[in-house]
Amino acid sequence: MDVIIGVDIGTSGTKAIAFTSEGNVTGNAYVSYNPLVGAPGYHELDPEVLFNAVMTCIEQVVKGVSAPIAGVSFSAAMHSLIAVDVNGEPLTNVITWADARSAGYAEALKQSPADKDIYRQTGTPVHPMSPLCKIMWLRDNQSHIFAVTHKFISIKEFVFYRFFNQYLVDHSVASATGLFDIYKKTWYAPALQAAGITSDKLSQPVSATYIVKGLAAKYAKQLGIDANTPFIIGASDGCLANLGSNATHPGDLSVTIGTSGAVRMIASEPAYDKQERIFNYILTDELYVSGGAINNGVVVLKWYTEHFLKKPFSSGGDLSWFVQQAAQAPAGADGLLFLPYILGERAPVWDASAKGVFVGVHSGHTQAHFMRAIIEGINYALCQVAASVQETVGAIQHIYASGGFINSPLWLQWLTDLFGREINLINSDDASSVGAAILGFQALGIMNASETTRIFHIQQQYNPNEALHARYQLYYKVYAGLYNKLKDDFQTLNSIRLSGL
């Protein structure tokens, strides 16, 4: 029996699992962390905290593994940016996908002739989430840091540099930067020019199955593994969630809800969208993942609980409580809709200025109605992305769910009722870390792509209630038109707010 440790470096925490070639998780570890406190639009993490979380998770899992470890394979959140000096030491914190300080730069670029070209070639919609826009902001707002930066890297690159003294970036993470040509698999000169950098300021791009050996002795000793253990660079968390939830065939749709959310479909080539609603990221040399991420998943439940209900909220224990309370209200929340853009939004509108809105409030609404409307608003947002994916990539055949929300059967049922088709729950909510492990097995030649299906088992199938589906469709039609009616007002409100008047 072969064992690979799959590591997923996320925005809210890092997870590591011991995954066998038979498809079993035999050990796991998790370390959570919180964003640093900052001004509006600021969302950063401490790189040392994340690095230590990676070390702790691997070390804990290694201690529980009795079989030889075949390798360690990585998943990581996309769009993170760290500026480092010539010694590889961080000059900035980890600027995450949720940081919106470069919104003005994204908007200006989006209105320029370069927008469509950059989107087509890089697969990344122009948005403040992207390292492209973050670097533009750093160049003008923290020029003292920009001037002495040796490399602009992601959190996974930071970890690999510490481990192996090499600057490497997998094609998958690179393809989410807005700086990488997803067709030629090289850094894209026009995007580099827009950012004001040259390719030597970025890491060497390598395939997701790239293997590195020679772990620094001090880390090998601390982790308790052989220094020559293969480390597989892996891919991004979103792409690997498809692999880890068995959504790997044409028409397979992966729906993930965690802190944020996403809808993705695998294809053999990028799917260009003239409306620029979806992304196209690389998974492997042969596969692309097309879809869209939303900013506002379980983080909205946390926001509402802490600020309005005045209670603490953890995505583990309190998720079920929140959904149970929401279930006291009927499907459709008695005409209450929620546009869940409290952190701005990515797909399909790609508007950092978008705002959250409750629509249809009347005197009969209770706390439960607002809580249900929040969950349904997240579901509507994902449904809107799914419609964009289906229109651009192809018809949906099967839907697979992953992410923390699968621990709530009620939420899964409500999503099923909205989509109007069955949703399959695979045997793990750790889809990204499982995907990393599977990719590791493939990189080491232990398992080929055609063999992976045997390790997946459908834990449960959710089937839609047709009457509720019909009701949801009526509400969804109203929801789908809200953003276009309000987007100019969002811009105006944002301008007033930032003017200081």
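Glu44, Asp99 and Arg101 are joined in a network of salt bridges, a salt bridge being a side-chain nitrogen of Lys or Arg within 4 Å of a carboxyl oxygen of Asp or Glu. The model is a predicted one, where local features need pLDDT of at least 70 and side-chain atom pairs count only at pLDDT 80 or more, while totals for chains, interfaces and linings use all residues. Residues are numbered from 1 along each chain as its sequence is written, and side-chain values use heavy atoms, with hydrogens and water left out.

On to the overall fold. The protein has 16 helices and 23 strands; these are DSSP runs numbered from the N terminus, with helices being H or I of at least four residues and strands being E of at least two. Its radius of gyration is 22 Å, close to the 23 Å from the globule rule for 501 residues, so the protein is as compact as a globular protein of that length. (The radius is taken over C-alpha atoms, and the rule is 2.2 Å times the number of residues to the power 0.38.) Along the principal axes, the C-alpha atoms fill a box of roughly 65 × 50 × 45 Å. Of the 501 residues, 59% count as buried, where buried means under 20% relative accessible area, exposed over 50% and partly exposed in between, with a 1.4 Å probe and protein chains only. Among contacts (heavy atoms within 4.5 Å) between residues at least 6 apart in sequence, 72% join residues at least 24 apart.

Back to the charges. Side chains of opposite charge can pair when their charged atoms come close. The structure holds 13 salt bridges. One of them pairs glutamate 276 with lysine 116 at 3.4 Å, N to O. This pair links distant parts of the chain, 160 residues apart: glutamate 276 sits in the loop between strand E16 (261-267) and strand E17 (279-282), and lysine 116 in helix H3 (residues 114-122). Glutamate 276 is buried, at 7% relative accessible area, whereas lysine 116 is partly exposed, at 47%. Aspartate 170 and lysine 156 also meet in a salt bridge, at 2.7 Å, N to O. Aspartate 170 belongs to strand E9 (residues 168-170) and lysine 156 to helix H6 (residues 155-164), so this bridge ties together parts that are 14 residues apart in sequence. Aspartate 170 is buried at 1% relative accessibility, and lysine 156 is buried at 3%. Arginine 277 and aspartate 273 form another salt bridge, at 3.0 Å, N to O, and both residues are buried.

Of the 22 lining residues, the closest to the pocket centre are Arg277, Pro348, Val349, Tyr483 and Asn484. (A pocket is an open set of points on a 1 Å grid over the protein atoms alone, where a 1.4 Å probe fits, with protein on both sides within 12 Å along at least five of seven lines; lining residues have an atom within 4 Å of a point. Points are joined across faces, edges and corners, and the volume is the space filled by probe spheres set on them.) Helix H16 gives the largest share of the lining, 7 residues. The lining divides into 7 nonpolar, 6 polar and 9 charged residues, with Ala, Val, Leu, Ile, Met, Phe, Trp, Tyr, Cys and Pro counted as nonpolar, Asp, Glu, Lys and Arg as charged, and the others, Gly among them, as polar.
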